[in-house]
Amino acid sequence: MTVTATGAAMTERPFRVLPRVDERNEHFWRGGAEGELRFLRCGPCGTWIHPPSPVCPSCLSGDVAPAAVSGRAVVHTFTVNHQPWIPTLDPPYVVAIVELPEQEGLRLTTNIVGCEPEEVTIGMSVEVTFENYDDVWLPFFRPVPGGG
Amino acid sequence: MGPDRLERRAVISGIGQSQVGRRIYRDPLELTIEAALEAIEDAGLTRDDIDGIATYPGNQDVPPGFSGVGVTEVQDALRLNLDWYAGGLESPGQLGSVVNAVAAVATGLADHVLCFRTVWEASAQGSKGRQAVTMGGGATGSGFRASGFMQWTLPFGAASAANWIAMMAQRHFHEYGTTREQLAGIALNARRNAGLNPKAIYREPMTLDDYLSARMISTPLCLYDCDVPADGSTAVVVSRADAAPDLRRPPIRFEAVGTAIHGRPSWDQWDDLTTMALRDAAAMLWSRTDLRPADVDVAELYDGFSFITLCWLEALGFCGKGEGGPFVEGGERIALGGEIPLNTHGGQLSAGRLHGYGFLHEACVQLWGRGGDRQVAGDPEVAVVGAGGGPLGGCLLLTR
């Protein structure tokens, strides 16, 4: 059993287009294997970096390495997609940009799962939940119980 | 205005446009040649005069119908002798190619540059439903893996700019109280103007009820917030300003160009998701001229999605930041007889997705007084053209 992007339980997961994993993005797409949402972080100045880049965009240091964030986030904006763009990924589902508390502007695009689409609001507190497809762990976000 | 701006050394000397339609199943190169020859003839030139080509995005097979014609095909088909040429996707939106041409003639690399944009997305789509236009990677078949920007969106089913723009619109709705009823003003205005344009694809009247009851694509954007895939090619000739005596009609001048992007070049990492890269392009445009928004007689502003037009209106200063909703509500201010006539040919929403160049063509039509039933009254002298959304944006201020 798994949870789909619509929050419905089903036994067979929808087809998803997966990312091509390489050395630069591996920490992000496979961190979920250890239950961690990881981004590159600059050693000298602490800046979180996303999407990954070999140098820190703030101080230009090359001393950057993956580090885990808390997994908490706030829905910055979202859309309920109704168009069947991808075979078997059946609408409606919620696409969102969530922002992480670790750094202003540290954001990613994701799906909000574990609730009905009409329950999603901007400002809603969510937390990461991973789903494994082949060799990648997709970070979805679900409402934090009582998170308001 | 301070120094001699480089763009003032260039003019638009002629325009052309092929047959435009849905699924007309014509060779895109044939459409391109049709537009190109019309533009060259319109300028009073011959193909022997053309020594430069600029295009967006260049020849590429993916996404289907997005291009398919580049510099090479056109040069060879017309046997042009080129001193300069450029085609490519990485530019300040579709009009970046025109700015390339402006720079080429201003710096003496070419005298007359043929600029074009060709699409055949309607025929490529065929009888199938609309596919997502995926930037930087198109296929979604078995075994395909997303890379580049698309890796951050495709795994989440956010396959289309419809989704990315919808999230920006949703944020704008949240921060400023913008509503679907307000956004409708842009789609209804486009349809009203398309009714006066014989080449527009959708010309039958549309009501607010039609809009509000249309099926959702990606909230808050409905079907009528999305442009209509089309087949067609648009061309303009950019010439040296001092070539004017050789031209057939009084040239259209480039008063200023806007090509800036100061924020992060990304659909989801952009700092303020209630606006887009066009914010920086618009600011640059006004920094290069003494003219102000109140001087503009007609505005042709990209509407790949209606919300993009709202952002252009705000960024160019036709209304304040966040005030786009009330500004377009009801459509009176943006109508043909309004304070700033907008998308006078019907835009991409109703006239067809000619991808940026349709707006440039229409601005020239209006400045030359060739608009027929849709001609803006009062002999317009200043037009602004903006194209692109998300991290792509470029704009032109044109005068005659």
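Guide: Five bridges join β4(A) to β6(A), and the two strands run antiparallel. The model is a predicted one.

Visitor: What makes β4(A) and β6(A) a pair of strands?

Guide: Pairing requires at least two bridges between two strands. β4(A) and β6(A) have five, so they count as paired.

Visitor: What makes β5 and β6 of chain A edge strands?

Guide: The open sheet has three strands in the order β5-β4-β6 (chain A), with antiparallel pairing. β5 (48-49) and β6 (64-68) of chain A each pair on one side only, and on that ground they are the edge strands.

Visitor: Are the faces of β4(A) covered or open?

Guide: Both faces are covered. A:Arg38, A:Leu40 and A:Cys42 are buried on one side, and A:Phe39 and A:Arg41 on the other. That makes five buried residues out of five in β4(A). Each therefore has 20 or more other C-beta atoms within 10 Å of its own, the cut-off for buried.

Visitor: Why does B:Asp27 count as exposed?

Guide: B:Asp27 has 12 C-beta neighbours inside 10 Å. The limit for exposed is 12 or fewer, so a count of 12 falls within it. B:Asp27 sits in the loop between β1 and α1 (28-43) of chain B. Its C-alpha is 9.8 Å from that of B:Val69, a residue 42 places away in sequence.

Visitor: Why is strand β9 of chain B described as largely enclosed?

Guide: Six of the seven residues of β9(B), residues 252-258, are buried, so the rest of the structure largely encloses the strand. Strand β1 (residues 10-17) of chain B is antiparallel to β9(B), with two bridges between them; B:Ile12 has B:Ile252 as its bridge partner. Five bridges join β9(B) to strand β12 (residues 394-399) of chain B, again antiparallel, and B:Arg253 is partnered by B:Thr399.

Visitor: Which residues bring α8(B) and α9(B) together, and how do the helices cross?

Guide: B:Leu278, B:Arg279 and B:Ala282 in α8(B) meet B:Cys311, B:Trp312 and B:Ala315 in α9(B). This contact is made up of five nonpolar residues, no polar ones and one charged. The axes are 9 Å apart, and the packing angle between α9(B) and α8(B), residues 278-287, is about 35°. The crossing is right-handed.

Visitor: What makes up the side of chain B that touches chain A?

Guide: 31 residues of chain B are in contact with 28 of chain A. The elements giving two or more residues to the chain B side are β5 (145-146), α5 (161-176) and β6 (216-218) of chain B. α5(B) supplies the largest share, seven residues. By type, the chain B side has 15 nonpolar, twelve polar and four charged residues. Strand β3 (residues 18-19) of chain A also pairs with β5(B), in the parallel sense over two bridges. A:Pro19 stands opposite B:Ala146 there.

Visitor: Where in chain B is confidence lowest among the elements, and where highest?

Guide: Helix α4 (residues 121-125) of chain B has the lowest mean, 93, and strand β10 (residues 298-301) of chain B the highest, 99. The chain B mean pLDDT is 95, with 96% of its residues at 70 or more. Residues 135-140 of chain B have a pLDDT below 50, and that stretch has 14 contacts in the model beyond near neighbours in sequence. For the complex, the predictor gives an ipTM of 0.94 and a pTM of 0.95.

Methods. Residues numbered from 1 in each chain as written. Chains lettered and ligands numbered in written order. Predicted model: local features only at pLDDT ≥ 70, side-chain atom pairs only at ≥ 80, totals over all residues. Contact = placed C-beta atoms within 7 Å. Helix = DSSP H or I, 4+ residues; strand = E, 2+ residues; numbered from the N terminus. Nonpolar A, V, L, I, M, F, W, Y, C, P; charged D, E, K, R; others polar. Axes fitted to C-alpha atoms, helices over the stretch in contact; angles between N-to-C directions. Left-handed = near helix turned anticlockwise from the far one by under 90°. pLDDT = per-residue confidence, 0-100.
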